[in-house]
Amino acid sequence: MIDLALAFYLVFILPGRTLWHSTRKHDKPKRPLVTRYLRSVRDIGLTLLVLLFICWRNGYSAADIGIALPAAGAPLWCLIVAVLAMSALLIGSCLTSHKINDEKRAAMLENGRESGMPTNAAEMRLFLVLVLFIGAGWELLYRGFLLLALTPHIGTWGAVVASGLAYGAAHGYKNPKQITLSIISALLFAAGYALSGSLWWLMVIHIVLPLTGAISVYQLHKQEEANHALS
């Protein structure tokens, strides 16, 4: 029963709450980034504790939720390709940020602030913790757990669709393009797990993509501060 309760929370309550808050007009100023980061870490951590209890209670193994160490075959090759691709992306982003023109820099900084990217050292340190919880925690919950819990009831691909729609909606609503891309990417991640049986490569991608964006915005912010100091 607790399995279905957690599945219900992940599929309906969490996405519904996020969509509700994202579509309402808020007069209150946004909370400081550090507060928002800490709340997210707390919420993901508590949900992971519930998952840990379910795994202990039901005797689920690491393989059951997709985190058995990939030793051969598709899981290993997917991990190798993901590590190489994400490493290249991260290094390339760090090396090219100084070549961005002023107009694009201003747009990226504005988008970064709107999406909650860190702009100082304290925020960056906490974001590094947050991105691990997001990349590993949500993969475990929305892919590893949901496909395990829902497949007996609606089949593998039904679970993939439910997981993808729920996680895409859990990103909130900004505009039609944003929520469509969120759902498509969530469906692809869920399908990737269903086909490979491993979460490790998806965790690498899920961690590095937001980390790359955060590092780029942070570097641009430092460059902007340096330019203001010289002017």
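A disulfide is counted here when two cysteine sulfur atoms lie within 2.5 Å of each other. A search of the whole structure finds zero of them. Welcome to a predicted model, where local features need pLDDT of at least 70, side-chain atom pairs count only at pLDDT 80 or more, and totals for chains, interfaces and linings use all residues. Residues are numbered from 1 along each chain as its sequence is written, and side-chain values use heavy atoms, leaving out hydrogens and water.

**Cysteines**
- Cysteine 55 has a relative accessible area of 10%, so it is buried (buried means under 20%, exposed over 50%, partly exposed in between, with a 1.4 Å probe and protein chains only).
- Cysteine 78, at 23% relative accessibility, counts as partly exposed.

**Helix H3**
- H3 covers residues 73-96 and includes threonine 96; helices are DSSP runs (H or I, at least four residues), numbered from the N terminus.
- The 24 residues of H3 should span 34 Å at 1.5 Å a residue, and its end C-alpha atoms are 35 Å apart, which agrees; the expected span is 1.5 Å times one less than the number of residues.
- Ala82, Met86 and Ser93 are the buried residues of H3.
- Threonine 96 is partly exposed, with a relative accessible area of 40%.
- Threonine 96 and serine 216 are 120 residues apart in sequence, yet 9.0 Å apart in space, C-alpha to C-alpha.

**Helix H1**
- Phenylalanine 8 belongs to helix H1 (residues 2-23).
- Phenylalanine 8 is partly exposed, with a relative accessible area of 47%.

Note on methods:
Helices (H or I, at least four residues) and strands (E, at least two) are DSSP runs, numbered from the N terminus.
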